[in-house]
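Hi everyone, thanks for making time this morning.

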Amino acid sequence: MTAGIPVTGEMKRRDFFGLAGAGLFVFFQAERAEAQEPARLPGRQAGPTDLNAYLKIGADGRVTCLAGKVELGQGAMTELAMALAEELDIAIDTVDVVLGDTDLCPYDMGTFGSMTTPLLWPAVRRAGAEAKAVLLQMASERLKAPAGQLRVHAGTISQADKPSNAVTYGQLVEGKRIERHLANVPVKTADFQVVGTSPRRKDGRDKVTGQAAYAGDIILPGLLHAALLRPPAHGAKLKTADTSAAEKLPGVRVVKDGDMIAVLHERLDVAVEALGKIRAEFEKPPAGPDDKTIFDHIQKTAPELRVVGESGSLAEGERLAASVVEQTYLNSYVAHAPIETHTATAQIDDNGKVTVWASTQAPFQVKNAVASALGIPAEKVRTISRYVGGGFGGKTEADQAVEAARLAKIAGKPVQVVYSRREEFFYDRFRPAAVMKIRAGVAGGKIVLWDGQVFGAGEREANPFYDVAHKRVASAGGWQGGNPPGMHPFRVGAWRAPSVNSNTFARESHMDMLAAKAGMDPLEFRLNNLTNARMRRVLETAAKQFGWKAGRAPTGRGVGMACGIYSNVYNATMAEVAVDRGTGGVQVRRVAMALDAGLVVNPDGLRQQAEGSVTMGMGYSLTEEVRFRDGQVLDTNFDSYRIPRFSWLPKIEIVLVENSETPALGGGEPPIIAMGGALANAIFDAVGARVPQLPMTPERVKAALAKA
Amino acid sequence: MERTISFTLNGKTATVKTDDERMLLWVLRSDLGLTGTKFGCGEGLCGACTVMLENEAVRSCATPLKAVAGKRVLTIEGIGSHGLHAIQQAFLDHQAYQCGYCTPGMIMNAYALLAKSPHPTRAEIARHMEDNLCRCGSHVRILDAIEEAAGAAKVGA
């Protein structure tokens with residue numbers, strides 16, 4: 001037995017998370033986690049530095065992986081199981097993956113930024129390899145055979161020339177307790193049995209049968225549902241609230257606690273009805289920007305521009321340029337709009353231990369936020385996020401969990417908070433509205449000048465990867481927070497591939513404008529200004545799949561392309577659209593995308609993310625924008641906020657570029673980044689009208705047609 | 001109006017004493033503990049709460065209990081009583097879900113289609129599914145799954 005596992009205070013208190021029982025345990029941590037951390041995440045606190053996941057092999061032969069990541073639909077559960085199945089030579093069905101439970105799983109800062117695959121997944125493989133090495137050594141002693149003569153198949157170790165001399169993993173660990181940290185046992189480098197296959201997802205059966213329990217599906221004895229009084233607009237302060245009529249309803253309890261007024265009832269619909277009987281008066285919020293004036297407002301209120309990429313001299317670029325193109329690009333606020341709204345169920349037991357089931361991408365941040373709100377130590381709070389109904393960056397914070405916990409404490413009963421769709425739109429941390437200004441010049445088919453300024457979007461991928469001798473790119477403000485007060489009329493945050501959708505749209509739109517100036521085909525122009533081998537390869541691959549035919553836009557065919565990078569994943573997307581000149585409506589006919597995501601762990605899983613990105617990407621490109629005025633969010637449901645539907649579907653073709661020399665990379669976000677640019681360029685190619693603003697609504701397409 | 005209402009839920013009689021103006025979704029989830037049917041928008045706009053009422057798919061968040069009295073209601077928990085229903089199996093085979101939250105509503109709406117029209121074209125499937133929203137973008141696979149289920153088995157049973 002290994003004594004003295006180096007643990008942090010958190011782990012000691014938990015007594016190894018109650019790891020009673022026999023088995024082989026391997027503790028490990030994700031790679032480079034701190035280095036990859038998105039800046040300035042609120043509520044984060046330093047976690048254990050020596051582990052954030054572990055695996056257990058039990059006497060029943062089952063292998064359990066416990067990690068603080070969350071299954072949001074992206075397939076984390078399946079991918080982590082694949083890592084262990086591969087390294088331990090077992091069937092994926094014998095692996096259980098426990099995610100998002102802060103009492104069972106070690107600290108993890110959250111599931112965002114496409115980090116599970118590049119950071120945690122390799123560590124899980126190494127843990128599996130470590131476990132297998134330990135088991136082989138034990139088997140060698142037990143079977144009295146040299147390790148080199150042993151064979152492993154489906155969790156059974158046997159002597160190669162005497163197969164009856166065999167022992168299972170379960171038998172080896174029975175009655176023992178073995179604990180290991182990662183040593184440097186090498187992982188497999190070839191002859192993969194599981195990596196590169198597309199097994200059935202582990203969450204499938206729960207999901208197709210309706211048995212998957214999301215935060216709102218936790219029904220506890222005595223559970224009360226809460227409906228909370230909300231302001232009509234951001235910045236509107238409550239003046240008075242007459243709750244007497246609501247209180248008269250049978251079974252209703254009205255809670256007032258600080259700034260919170262809530263109605264509790266054992267049925268949510270009755271609580272909502274009672275909330276409607278509260279007569280509340282709010283101060284009129286101060287006048288603020290609306291969805292049309294916001295772009296001027298952002299430029300006026302943004303912090304100072306900061307140079308994020310520079311080479312050569314702009315003056316020299318200007319001198320060399322045969323022609324210059326200048327354009328301002330805009331994108332509106334975009335909502336996450338997961339079908340599951342923010343939800344939490346909170347329960348406090350007799351010992352004061354708080355358990356919160358929360359739809360969140362960051363259960364450990366929620367745990368800390370709840371502890372802080374209730375004024376109790378963090379170890380008195382457990383957050384469970386087993387299944388989450390979509391996140392897309394919008395569920396990294398969880399105010400509803402704090403509300404549910406506060407109310408549970410006051411009520412002395414478990415309380416559930418389910419945001420209405422109106423609350424979901426109101427409290428969403430939108431993708432920020434942004435202004436991207438680019439002035440660029442070409443000479444002889446080469447880009448000689450690039451002067452870019454980004455306001456609001458954030459700096460990621462603002463600096464073009466094309467070969468540009470003379471460039472300067474500056475950025476002000478972003479999605480991460482830290483913007484000056486009043487720059488945005490509500491909170492903003494990470495939205496699937498934050499800042500990169502905006503910057504890719506602007507850059508790639510501009511590339512096509514430059515190509516037109518240079519009199520070149522858009523593909524030829526890009527390749528003529530590009531030495532990056534991986535980008536050239538995805539462009540050429542996408543072109544082949546799409547059947548790209550060279551031409552000078554606008555050709556009338558309605559084809560366009562865009563490419564980009566997110567978290568070291570390369571994406572080239574080509575699209576064909578039909579534009580109705582009368583209505584300005586755009587129908588996407590076909591999308592072909594080539595992705596280089598390094599070693600592909602689960603091809604079908606990556607395809608799912610890419611198909612989903614094409615579909616979701618049509619939304620931010622064509623219809624999705626949050627309308628607002630004076631702090632009031634005017635979109636309150638899916639009738640006015642239009643997300644993609646079945647009738648929008650193009651033919652989708654995804655090509656995964658073979659690149660096993662590059663380690664596996666995350667696929668949740670990169671496939672969505674080029675949709676805006678590809679569709680903008682395809683619209684231009686169809687009708688010769690440049691739409692420089694996302695979303696490219698029928699009105700904006702018509703306005704661009706009128707100018708063209 | 002508070003009254004006692006009975007209806008057939010997944011083949012068995014269910015009886016609740018409650019306000020008959022309440023929406024079926026909340027009665028299913030809060031009163032009867034069947035949480036497979038999801039809340040998504042509360043206004044019949046997203047389809048996450050879709051169930052079968054007699055032979056039609058309805059939005060349970062916009063279907064008052066009084067409209068259900070004496071009738072047959074089928075939810076995701078009530079199909080495929082012996083193993084998975086053909087539509088569920090096809091969703092599983094095509095991995096036609098990601099977060100899974102819209103999935104029960106998708107499956108129930110598909111169930112209604114195939115009950116009426118066992119061999120729809122892909123375009124008919126897409127038209128029928130139009131108002132069921134999925135944010136993860138599993139649409140292509142959902143169409144694939146329903147197409148396969150339509151080809152594979154007789155719906156009902």
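Let's start with A:Asn568, which counts as partly exposed because 16 C-beta neighbours lie inside 10 Å. For that label, C-beta atoms are placed from the backbone, and a residue is buried with 20 or more others within 10 Å of its own, exposed with 12 or fewer, and partly exposed in between. A:Asn568 is not a glycine, yet its phi is positive, about 70 degrees. You'll find A:Asn568 in the loop between S23 and strand S24 (569-579) of chain A.

A quick word on what you're looking at: this is a predicted model, where local features need pLDDT of at least 70, side-chain atom pairs count only at pLDDT 80 or more, and totals for chains, interfaces and linings use all residues. Residues are numbered from 1 along each chain as its sequence is written, while chains are lettered from A and ligands numbered from 1 in the order in which they are written. Helices (H or I, at least four residues) and strands (E, at least two) are DSSP runs, numbered from the N terminus.

Back to the backbone. A:Glu461 also has a positive phi, about 60 degrees, without being a glycine. A:Glu461 sits in the loop between strand S21 (446-455) and strand S22 (471-476) of chain A. Is A:Glu461 buried or exposed? With 23 C-beta neighbours inside 10 Å, A:Glu461 counts as buried.

Now the prolines. The peptide bond from A:Ala553 to A:Pro554 is cis, omega being near 0 degrees, and A:Pro554 is in the loop between helix H15 (533-546) and strand S23 (559-566) of chain A. A:Leu694 and A:Pro695 are also joined by a cis peptide bond, with omega about -5 degrees. For context, most residues other than glycine have a negative phi, and most peptide bonds are trans.

On H15(A) itself, the buried residues include A:Met535, A:Leu539 and A:Phe546. Just after H15(A), A:Gly547 takes a positive phi of about 75 degrees.

Last, the helix pair. Helix H13 (residues 500-518) and helix H17 (residues 675-687), both of chain A, pack at an angle of about 30 degrees with their axes 7 Å apart. Axes here are lines fitted to C-alpha atoms, for helices over the stretch in contact, and angles run from 0 to 180 degrees between N-to-C directions. Thanks, happy to take questions!
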